[in-house]
Amino acid sequence: MKSKFPNASILTLITQTDGSNEKLLFIYLKTIPDFYPSNEIYWYDKAGKDGSPNNVWNKHSIIQWTACSKDSILLTLFDSIIATGSVEIDGKKLNLIIPDHKLVSHGADPMKSRSETKFDSFQTENNSLIPQEFYQKENLKFLSAYKTGSSEIKPLYPLGFFEDNFIYDNLDSGIWGIKEHRTAYLTFHGVRKTSEKGIGSKEMVGFYQQNFNPKSEYVAIVKNEQGQENGKTTIDKKTGFFKTPLSEPTQKGKVEILVDNTDEKTIEYFLIQDIKVNGHIANATFKDAYGRDFMLTSDKKKRPESITNFTWQQNVYADKKTANQKLSDLFKSIFDYLGPKVLVADPYFINNINQDNTTKALSLSHCQTAFINALIHSAIEKGITRFNILGCSRATNHLDNDNTGTLTKTELLFENYEKLFRRFIADSKLEKYLPPSTITFKRAKEDFHNRYWFSLTDKEGVEVLDKCIIITNSIGNMSELDIIPVTDESQLRQITRKYTGIFKNSETRLSI
Amino acid sequence: MVGLKTVIQKIIPSKSKIDWMIIHDISKSKIEVEGIEFSFIDGKERYDEPFKTSQGYLSLKSSSAINEFTKTANELLEEFESNPIALANLFILFTRASYKGEDKETLLKNFKKKLGKDVCSKIFDLLISSLNSDYYKDSYSTKKPGNTNDWLDIFRSTQYIHGISDPLINCLQLVRSERNRKIDFDLLEKMKPLLRAVLIGQYGFDLEISKSKLKKLYHNEDELIFLSACLIDDSAPDKTSPDWLTQILIERFFENHWDTIGKHIFVHVFGLSFRNKNNNKLYDRLKDLSHAVLIKHLKVENSETVKWISQFEFPSDFIALFEWFSSKKIYPNEIPNSNRAAIANQFISEMQRIAKSIPVHLASENSSDPFTSFQLYEGKYQTDLAYVLLFLLSATDTNRKDIEKVCHEFKTLFYGGFRATYLATHFTELMLLIGLSGNYLKGLNKAEYSSLKKYLKIISDTVLIPYIHLKEREDEVWNPESEREVFQFNAGSHLVINAMANVRKHEIGKHYEPFFKVIDEVKIAEWK
């Protein structure tokens, strides 16, 4: 066994003083990735030590108490707080007012939401203890340290402990208490090298992060949708690693971890075939993401001189694939028309890219696929020398607040863009067509709201916006879309004037 | 042509100030002259026009029209001889004339010949003073540049200015006849920042400065800032050093104006700046001169030098500092103890400053990273970290306590949400890479090895465990078959994994045993 394997939790209570009592507003016991050596409970300085709390909001007498100790010790303390309605903090006794509640247990389900943990939640409908000021997004942002500059509200300790909107979302569901239990961490994915497109993975690799008992045997079993065993292997206790061939290629099923033949963890999976856009060039033919073959012709320079209005609606096509192919072809014709230098101005960039929590695979929506397929095809056939995607921070705020359960932070957004673009360029061997620094993500310093795709041209060595197409929807979740080229000179000038300014003042966030 | 002359005779004297739209006024008279046409492109407002609307053109269609217009021009010059504003407006009119053989500049040459140098120079001043307030007044900010980088920003912003027949260039023709890209500083002196920036940044003019003028400029901070930016902006591979780049100038930059000039050029010359990638002759000279000036200070033991060091920021200034040491072969034992200690102290104060700014970074909408970890792959950054270790090896117990406190502040971020963990990870990778640079250091003594162990113990006692536990969940750590894709965002963890392997292989590895023992007690994955 590892002698310093993480075993610690943090317990934090947020209370509101009410005479000689404290109303319990929120209580959270969270397992942390750290090792705690003793059996003592450590109350943090200015957040419980010597009985003095973190006075986060004097005006409303809202205070916080935070302790660190071993998981088991804090679990016991948590239970005793709920059972007795009181707690002794470094010599100071608090009498807590705790609402009537129900207890809901949640199994470990990493496919959904945050973490590998099991947790119990304490729920009260119409919790009258919560003051209006506390149940308010803006104020909770100050408390959770995602906003600075309040003269009244100080941040909770430790800084950034709560995810943005975590408290609000829980209060919104009536939850005021969360008690996490430590469980092992499991991650796995299909082996990319041996996976077959459209069929699935033929091998599975994974990692089980557990403080292994040297006397026990740990086995990973992969099962198909029908629950039949598809692969089985012993986990290497020295490394947590496992790899198993699969008797049938798989996209969907579950991985079970057995310890001495007893279930310890199960995760259902749907293996996303990672990046699906996979152009292929061979013998002067390009096979696109929809499996169509195109001859690579030599009349590369001939670009369409005009483009017509078009309305695309997914449901008018025979099936989704046909619809998406059409969408991709439309995008390609726009890129052909605008190229070789293109600027896509869209507040949301190309939107969030979904990432599976367990397997870390990226999955693209149908229009993201169409967009990238079109980009590749146009780059190969007509040439693309610069491709700028300009978004703004309003969008990343929106993505940050996106409440889909998966983390969609700004940092992650660009990390995923980088992974996505680098991978498809490498996988499809497109370095020749999209050399380094061709694709750039830029963030505007000011907000904008419309979506325009522009061409960039050189005028005496200076890049200016030239042609412009109005696109009525953002890449990400399109089911219908109007494409309108701007032909009126004065309208064109008005648009390009504004967006040239936005473009030239933007900061480069990522260059591929 | 007589009709046109009458119209001009009427309009020009009526103007009490410079009018860049003079063609518009003349065309409004609806006069029709054979061989002459007015054109205004489309007359609509455009962001890329210096005065929002095209100034318009007076096209001379035939050779007889050209001849007659030249004759009229001479007559008008004589008529307005004593009226500088009228002459200036007349000049504008001539610059807007479009005719066959225009590139021979007959009209302009004639103008200059007729009026002589002094008058031309007076008109130039009038026109520049007008351009100072009117040129792109709606498109560009007129904020006064306060340091070298402000100027460089203005230079860059002008790259979007493009004009056919730029009035600024036209004005220059009044006072210079050379067709090269050199420009005398005297001509720029009265120009506001935007005009100067267009000439230097967009048209790429090289400055010429007379010796006597340069002497005066040594005492003028605003102009020194401008000169420093002109030097730094010349990053193209073929640029050479101008003769006005003197040691005195560099002394002024560093010794008298560290905040506004010195620290900026220090980073551009030695640090991470896209401008020094070309390593041209100008930059070589800047390096040599900077070295000559700065080394004197570094080797002297006095409070001035300590104060200077106490202004360094991490990471930018430190990367420059240590790249300077590395490229100019400055060995730490050549540096007086007080200055060495000041460098270590300053690094620690910078860590404290960054720790204090955690709330700002957490709340930042942009994914702000105070350590600019995406630049870790730069060799200079890695050199920097090895030097940091070297200096920390002479850290005092108080220094170590301070480092430990900072580590504790970052450690609790590992208990938090995504953004908090992100900051903690970048901090830890930086501290680890410093600690894991031991194999680059030679000839350490016993005390230094002991100091290294103490440093590693601080890391082991604070941020190491959560880092290892979370990081090994990444495919590249746990999966021996991982493709180990290298991205900007995971540069840190790649370097940490490599550094661990390198140190283990190296003879210094034995001093890391306690450190690796802690990792062994936490890690599950192989970490290879």
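Two strands are said to pair if DSSP finds at least two bridges between them, and this idea is used throughout the account below, which concerns a predicted model.

**Strands of chain A**

In β17(A), the bridge partner of A:Lys254 is A:Glu268. These residues belong to a pairing between β16(A) and strand β17 (residues 262–270) of chain A, which is antiparallel and extends over eight bridges. The hairpin of β16(A) and β17(A) has two residues between the strands, and within this hairpin A:Asp260 takes a positive phi near 45 degrees. Strand β16 (residues 252–259) of chain A also pairs with strand β13 (residues 218–224) of chain A, again in the antiparallel sense, over seven bridges, and here A:Ala220 stands opposite A:Ile257 in β16(A).

Elsewhere in chain A, three strands form an open sheet in the order β11-β12-β15, with antiparallel pairing. Its edge strands, each of which pairs on one side only, are β11 (185–190) and β15 (241–250) of chain A, and the twist from one strand to the next averages 25 degrees. Strand β12 (residues 201–209) of chain A is joined to β15(A) by six bridges, and A:Val205 has A:Lys243 in β15(A) as its bridge partner.

| Strands | Bridges | A bridge pair |
|---|---|---|
| β12(A) and β15(A) | six bridges | A:Val205 and A:Lys243 |
| β16(A) and β17(A) | eight bridges | A:Lys254 and A:Glu268 |

**Helices of chain B**

How do the axes of α21(B) and α25(B) cross, and at what angle? The axes of helix α21 (residues 418–435) and helix α25 (residues 491–505), both of chain B, come within 10 Å and cross at roughly 30 degrees. Because angles under 35 degrees count as roughly parallel, α21(B) is roughly parallel to α25(B). The contact is made by B:His426, B:Glu429, B:Leu432 and B:Leu433 of α21(B), together with B:Gly492, B:Ser493, B:Leu495, B:Val496 and B:Ala499 of α25(B). Sorted by class, the residues of this contact are five nonpolar, three polar and one charged, and the crossing of the two helices is left-handed.

Helix α9 (residues 193–202) of chain B is mostly covered, with nine of its 10 residues buried; among them are B:Pro193, B:Leu194, B:Arg196 and B:Gln202. The elements that cover the buried residues of α9(B) include α6 (148–157), α7 (167–175), β4 (182–184), α8 (185–188) and α11 (221–233) of chain B. Just after α9(B), B:Gly204 takes a positive phi of about 70 degrees.

Terms used: Residues numbered from 1 in each chain as written. Chains lettered and ligands numbered in written order. Predicted model: local features only at pLDDT ≥ 70, side-chain atom pairs only at ≥ 80, totals over all residues. Helix = DSSP H or I, 4+ residues; strand = E, 2+ residues; numbered from the N terminus. Axes fitted to C-alpha atoms, helices over the stretch in contact; angles between N-to-C directions. Parallel < 35°, antiparallel > 145°, perpendicular 65-115°, else oblique. Left-handed = near helix turned anticlockwise from the far one by under 90°. Contact = placed C-beta atoms within 7 Å. Nonpolar A, V, L, I, M, F, W, Y, C, P; charged D, E, K, R; others polar. Buried ≥ 20, exposed ≤ 12 C-beta atoms within 10 Å, placed from the backbone.
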